[in-house]
Amino acid sequence: MEQVTYVVSGRSLIVQLPYEVDDHTCKGVREETEEYIREKKINRMIFDFSKTGFMDSAGIGVLLSRYRRMKELGGDVLLSGEDPKVRRLLRISGIYQIMESI
Amino acid sequence: MEVKQCGWPVVSGEQKMELYLESDSQNESFARVVVAAFMARLDPTLEETDDVKTAVSEAVTNAIIHGYADKKGIVRICGRIAGSTLFVEVEDWGCGIPDIAKAMEPMYSGMGQERSGMGFCFMEAFMDELTVISEPEKGTTVRMIKNIRRESGKEQVDCAWTASGN
């Protein structure tokens, strides 16, 4: 079963996304990241797309929701490891206008 | 048993498939893989296959989370191939959409902050034609057309909120 996995590094949370990022695989991300925010005082999230080969607008919804949350806390969201098709979706959605890819 | 028509005029020599799924979010990936396999006979580019998979995923997800609002229901997917054109219809018998124009606005989401509101915009961006038919309490039908291996001449759709003035 493909799932989102998390790695904490200082106050940064690395969100490792699965091969398929859709409504089904994104279901738990909000609650799970909220727990890290509470317990580890997270102020930066890095979404790691290096395993991702499919994404739909559910992934965009997660990014926007987590971006708003991080901004509330004075933090930020970064992206990493996007392949060309993920990049295309992020570009169409305007995500790169507010989030940086590292 | 005859495969139901997909709402488009019948073309001679066309190929059809029909799939009925339970409204379970695990079926979202199943649905898009089936449609991708169905269209493989058109020898699409990888990008065309990805476009259709994303559009089907959006339509099926909408049927499950909006149409049935996580209640149990049936989602019907009908595919047709005529020449080098792929037709996909996704139908549900859920709550329907009271205001289709509003639902199709970029960034509109009936489900609050956790959804991007970009589902219809992605369907529009990745397919050549999109039609939505809906009636409250009756259900919703989404019809999409994609021409494979042909220049669509379509401009790139922009789903960003900055472009929609939000």
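**The contact between the chains**

Trainee: How many salt bridges does the rule find across the interface of chain A and chain B?
Mentor: The rule finds 6 salt bridges across the interface of chain A and chain B. A salt bridge here is a side-chain nitrogen of Lys or Arg within 4 Å of a carboxyl oxygen of Asp or Glu.

Trainee: Which residue forms a salt bridge with A:D22?
Mentor: B:R32 does, and the closest N and O atoms are 2.9 Å apart.

Trainee: Before we go on, what should I know about the model?
Mentor: It is predicted: local features need pLDDT of at least 70, side-chain atom pairs count only at pLDDT 80 or more, and totals for chains, interfaces and linings use all residues. Residues are numbered from 1 along each chain as its sequence is written, chains are lettered from A and ligands numbered from 1 in the order in which they are written, and side-chain values use heavy atoms, with hydrogens and water left out.

Trainee: Back to the interface. How many residues does the contact take from each chain?
Mentor: It takes 26 residues from chain A and 30 residues from chain B. Contact means heavy atoms within 4.5 Å.

Trainee: And what area do chain A and chain B bury between them?
Mentor: About 2,300 Å², with 50% of it on carbon and sulfur atoms. Buried area is the accessible area (1.4 Å probe) that two parts lose on being put together, summed over both. In chain A, the residues that lose the most area to chain B are A:D23, A:R88 and A:I92, together 26% of what that side buries.

Trainee: Let's switch to chain B. What order do the strands of its open sheet have?
Mentor: The 5 strands have the order 1-2-3-5-4, with antiparallel pairing. Strands (E, at least two residues) and helices (H or I, at least four) are DSSP runs, numbered from the N terminus. Two strands pair if DSSP finds at least two bridges between them.

Trainee: Which are the edge strands of chain B?
Mentor: Strand 1 (15–22) and strand 4 (129–135) of chain B, each pairing on one side only. From one strand to the next, the twist averages 10°. Axes are lines fitted to C-alpha atoms, for helices over the stretch in contact, and angles run from 0 to 180 degrees between N-to-C directions.

Trainee: Over how many bridges do strand 2 and strand 3 of chain B pair?
Mentor: Over 8 bridges, in the antiparallel sense. In strand 3 of chain B, B:L86 stands opposite B:I81.

Trainee: Which strands does helix 1 of chain B lie across?
Mentor: Helix 1 (residues 27–39) lies across strand 1, strand 2 and strand 3 of chain B, at about 175° to strand 1.

Trainee: Now chain A. What is the strand order in its open sheet?
Mentor: The order is 1-2-4-6-7, and the pairing is mixed. Strand 1 (5–9) and strand 7 (100–101) of chain A each have a single partner strand, so one side of each is left without a neighbour in the sheet.
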